[in-house]
Amino acid sequence: MENWTSFSTTFLNDNIIFHFTGCTPEKFSVVKVNHENLAVHGELYFLYSLKSWRSFVFCVEGCTTILQHYAHTHRMRKGDASTDVTEEILEHLILKSNNWPIKIARCMLQKERVCVFLNRRDIITNSIKMALDCGRTFGRKLSTGKAFSLKYQPDAESDLTTQRLHLILNVAAKVLHLQGHVVSDEGNSIGKYIFSSKSEGPVAEGYKKYICGVVKNSQSNSKEVCLSWQQYVEQKMNQVAESSKHELIGNKEAEENKRFLHNLASAIITFELIAVKPSRSVVIGNNNLEDNRNVTNTKGASFILYNTARISTIIAKYNEKVSREEYPSLPNIENVDFSQLQEEEEWELIYNFIFGFPQIIDDCLRYEPAFDIYPQMLCLFLSQLCQKFSVYYRRVRILMEGDHLIPKVIARLYMLHALQIVLQNALDIFDIKMESRM
């Protein structure tokens, strides 16, 4: 178990704002996080117009940018935002970050924004180490001492809607646990919520309703009242088995096939019901396995499980080669040279999905000022992780021959182990089991 608050973009954002203003943000941050084209635009950025900072500062000197305001308040050279003064101001920020858990490597002006480039080596090394050290507890915060009570109200007309309510409750309970809270039926809860598909009707004393959308039939565009969860699972099992596009079954034995198909079908349906914002209805009935993206543009559970199996296969292949003495055993992580991870996709995988995993846990459930849950964000996180890894896998050969390449192979294997932990912990929130082979 670990307290992630100081090793996160949120903590870094707060430090940057405090550096320029002396204020700590409470409701929003003017510093934004990039997730793509990191080599060009940096990992973070902020607009330097003083209008963007008006919630934090009030300037009586006629400054138009936060950089001018900083120069004025720190009695630096006056004048407009000339290049030399700007460079000096940004150098102050870089030097200040040397005392922070996450350090800034450089800053660059780009149109009306300041792009912030982070020290990659520290983040790569520490993120992978934290993931492997913590394992199944990676992403879990220290206890907050806060308790919540959660219930769901079955939908008397729709078994699939009832199952969706149950899934949303389970996700909320697991995320609260990861955030350091307790889910309990005892009376000391700071918040009591009941997940329901009906806005009207009685509510247990002390509870507030959290209204969720129903499951609809695509043909009638009305609530699905005929199909049960088990029937839908069996329908999906047959669909997967018959699909010529998905050669997933291989040479598995009959019982293993059945187990595999059941787990995959359940995972596909879980993703269908969760990948849509809880307040919205879910429309089912499209028989195309590739079209289970819903409104979050995810690629679905089958794609995610395929990539988790791909990672497991690479690790298993390495271990087989170790047993045949074709590769050395993985050394102690303290002796690994993570500077070998120089591909841009490697940095994006680590920054967005290993370093970023604790942050997504924070972001997908809020209870202040109001209780809200966003499981679709976690679905999108998993989908984007696997999309990025799929591109990386097709372009980069992970297991390479040659003694001079062993340090790079080892660094990549450790990265895969960390990604495997992230995938396992994220899928566990949905009660989806990873497949080692597909």
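Me: What are the domain bounds in this predicted model, and how do you know where they fall?
Reply: The assignment gives domain 1 as 4-118 and domain 2 as 294-430. Those bounds come from an automatic or database domain assignment. The centres of domain 1 and domain 2, taken over C-alpha atoms, are 31 Å apart.

Me: How do you know that domain 1 and domain 2 are in contact?
Reply: Contact means heavy atoms within 4.5 Å. By that cut-off, 15 residues of domain 1 are in contact with 8 residues of domain 2. About 880 Å² is buried between domain 1 and domain 2, with 58% of that from carbon and sulfur atoms. On the domain 1 side, Thr-9, His-35 and Leu-38 lose the most area to domain 2, and together they give 39% of what that side buries.

Me: Why is Glu-348 called buried?
Reply: Buried means under 20% relative accessible area. Glu-348 has 8% relative accessibility, so Glu-348 counts as buried. You'll find Glu-348 in helix 10 (residues 344-354).

Me: What makes the pairing of Glu-348 with Lys-388 a polar contact?
Reply: The cut-off is a pair of N or O atoms within 3.5 Å, one able to donate a hydrogen and the other to accept it. The side chains of Glu-348 and Lys-388 make their polar contact at 2.5 Å. Lys-388 also turns up among the contacts of Glu-348 beyond four places in sequence, together with Asn-37, Leu-38 and Phe-353.

Me: And Arg-280, why is that residue called partly exposed?
Reply: Buried is under 20%, exposed is over 50%, and partly exposed is in between. Arg-280 has a relative accessible area of 44%, so Arg-280 is partly exposed. Arg-280 sits in the loop between helix 8 (254-274) and strand 10 (282-284).

Me: How far is Arg-280 from Lys-111, in sequence and in space?
Reply: Arg-280 and Lys-111 are 169 residues apart in sequence, and 38 Å apart in space, C-alpha to C-alpha.

Methods. Residues are numbered from 1 along each chain as its sequence is written. This is a predicted model: local features need pLDDT of at least 70, side-chain atom pairs count only at pLDDT 80 or more; totals for chains, interfaces and linings use all residues. Side-chain values use heavy atoms; hydrogens and water are left out. Buried area is the accessible area (1.4 Å probe) that two parts lose on being put together, summed over both. Helices (H or I, at least four residues) and strands (E, at least two) are DSSP runs, numbered from the N terminus. Buried means under 20% relative accessible area, exposed over 50%, partly exposed in between (1.4 Å probe, protein chains only).
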